[in-house]
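Please look through the sequence and the model first, and keep both at hand while reading.

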Amino acid sequence: MIEIKVNTAHGLVTCRHRDGDTLLQTLQRHEIHLPAPCGGTGKCGKCAVQVSDEEAAGPRSPNEERHAPAGSGLRLACQAVPHSALTVTPAQSVKTAADDSTAKGGAINLPVTGTPMVRSV
């Protein structure tokens, strides 16, 4: 397995990458969620990540040139299939399990709105 390191708001996270998986699949398996409204087809560019080594991120797909041109240091996580270790930094904010209080068994605090249901007697 290949080691992928991800810079997040909570520090550096190390992920184990399976051969043949896209970077997006690896991150999702480790509960690091990049935006991918196109469903991983490479059309929207929302899953762009800065990579430490463009070649280690695997061959480029034709869809990447529009959103992550060669030499920019960017790759689309949904298209990149890494073949060796690398470090990535998401171009946009990401959601991790640490961001979700319910992932650690915490409670969700919801605002109370409206008038209390109290009746005078």
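Cys44 is in no disulfide, since the nearest cysteine sulfur, that of Cys38, is 3.6 Å away. The sulfur of Cys47 has its closest cysteine partner in Cys78, but the distance of 3.6 Å is too far for a bond. In general terms, a disulfide is a covalent bond between the sulfur atoms of two cysteines.

The surroundings of these residues can be described by relative accessible area, computed with a 1.4 Å probe on protein chains only, where buried means under 20%, exposed means over 50%, and partly exposed covers what lies in between. On this scale Cys44 is partly exposed at 22%, whereas Cys47 is buried at 2%.

## How the model is read

This is a predicted model, in which local features need a pLDDT of at least 70 and side-chain atom pairs count only at pLDDT 80 or more, while totals for chains, interfaces and linings use all residues. Residues are numbered from 1 along each chain as its sequence is written, and side-chain values use heavy atoms, with hydrogens and water left out.

## The sheet

Helices (H or I, at least four residues) and strands (E, at least two) are DSSP runs numbered from the N terminus, and two strands pair if DSSP finds at least two bridges between them. With these terms, five strands form an open sheet in the order β2-β1-β6-β4-β5, and the pairing is mixed. Its edge strands are β2 (11-17) and β5, each of which pairs on one side only. From one strand to the next, the twist averages 35°, taken between axes that are lines fitted to C-alpha atoms, with helices fitted over the stretch in contact and angles running from 0 to 180 degrees between N-to-C directions.

Strand β4 (residues 48-51) is paired with β5 in the antiparallel sense over three bridges, and β4 also pairs with strand β6 (residues 86-90) in the antiparallel sense, again over three bridges. Val49 shows both pairings, as it stands opposite Arg75 in β5 and opposite Pro90 in β6. Val51, in turn, stands opposite Val88 in β6. In a regular strand the side chains alternate between the two faces of the sheet.

## Charged pairs

A salt bridge is counted when a side-chain nitrogen of Lys or Arg lies within 4 Å of a carboxyl oxygen of Asp or Glu, and the structure holds four of them. Side chains of opposite charge can pair when their charged atoms come close. Another joins Arg60 and Glu54 at 2.7 Å from N to O, and Arg60 is partly exposed at 27%.

Which parts of the chain does the salt bridge between Glu64 and Arg75 tie together? The closest N and O atoms of Glu64 and Arg75 are 2.8 Å apart, and because Glu64 lies in helix α2 (residues 64-67) and Arg75 in strand β5 (residues 74-76), the pair ties together parts that are eleven residues apart in sequence. Both residues count as buried, Glu64 at 0% relative accessibility and Arg75 at 1%.

## Single residues in their surroundings

Ala68 is placed in the loop between α2 and β5 and is buried, with 0% relative accessibility. Leaving aside its neighbours within four places in sequence, Ala68 is in contact (heavy atoms within 4.5 Å) with Arg60, Leu74, Arg75 and Leu76. The C-alpha atoms of Ala68 and Ala48 are separated by 7.0 Å, although these residues are 20 apart along the chain.

Thr8 is found in strand β1 (residues 2-8) and counts as buried at 15% relative accessibility. A polar atom of the Thr8 side chain lies 2.8 Å from the backbone oxygen of Gly11.

Glu31 is placed in the loop between α1 (23-29) and β3 (32-33), where Glu31 has a positive phi of about 60° although it is not a glycine. At 42% relative accessibility, Glu31 counts as partly exposed.

Conventions:
A disulfide is a pair of cysteine sulfur atoms within 2.5 Å. A polar contact is a pair of N or O atoms within 3.5 Å; within protein, one must be able to donate a hydrogen and the other to accept it, and residues adjacent in sequence count only if both atoms are side-chain atoms.
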